[in-house]
Amino acid sequence: MRRLRLDSAAIASAGYDADTAVLELEFASGDVYRYFAVPPSVHRALRDADSAGRFFRERIRDVYPSELIR
């Protein structure tokens, strides 16, 4: 999945597959996680957030099922 860089100290890049509703996040640590059943509006809001890290903590981390892929 192609990811785009975010202007964030916590999240290096984010990618989204609208067909499968999968959000892929690469963190500053180098870890990459996939989050499942994420609506397109949440992906857009993450990209547009003043703080991607805070948005992630409040609206994604404990809301959507995930798996560590790297």
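Colleague: What should I know about the model before we start?
Modeller: It is a predicted model: local features need pLDDT of at least 70, side-chain atom pairs count only at pLDDT 80 or more, and totals for chains, interfaces and linings use all residues. Residues are numbered from 1 along each chain as its sequence is written, and side-chain values use heavy atoms, with hydrogens and water left out.

Colleague: How many salt bridges does the structure hold?
Modeller: There are 5. A salt bridge here is a side-chain nitrogen of Lys or Arg within 4 Å of a carboxyl oxygen of Asp or Glu.

Colleague: Which residue does Arg34 pair with?
Modeller: Glu24, with the closest N and O atoms 2.6 Å apart. The pair links distant parts of the chain. Arg34 sits in strand S4 (residues 32–35) and Glu24 in strand S3, 10 residues apart. Strands (E, at least two residues) and helices (H or I, at least four) are DSSP runs, numbered from the N terminus.

Colleague: Is Glu24 buried or exposed?
Modeller: Glu24 is buried, with a relative accessible area of 3%. Arg34 is partly exposed, at 28%. Buried means under 20% relative accessible area, exposed means over 50%, and partly exposed is in between (1.4 Å probe, protein chains only).

Colleague: And which residue meets Glu26 in a salt bridge?
Modeller: Arg3, at 3.3 Å from N to O. This pair also links distant parts of the chain, 23 residues apart. Glu26 is in strand S3 (residues 22–27), while Arg3 is in the segment before strand S1 (4–5).

Colleague: Why does Glu26 count as buried?
Modeller: Because its relative accessibility is 17%. Arg3 has 25%, so Arg3 is partly exposed.

Colleague: Which residues are linked in a network of salt bridges?
Modeller: Arg3, Glu24, Glu26, Arg34 and Arg70.

Colleague: What about Arg61? Which side chain does it meet?
Modeller: The side chain of Asp62, in a salt bridge of 4.0 Å from N to O. Arg61 is partly exposed at 41% relative accessibility. Asp62 is exposed, with 67%.

Colleague: New topic, His43. Where does it lie?
Modeller: His43 lies in helix H1, which covers residues 40–48.

Colleague: Why is His43 counted as buried?
Modeller: Because its relative accessibility is 10%.

Colleague: Which residues does His43 touch?
Modeller: Gly15, Tyr16, Leu23 and Val38, leaving out residues up to four places away in sequence. Contact means heavy atoms within 4.5 Å.
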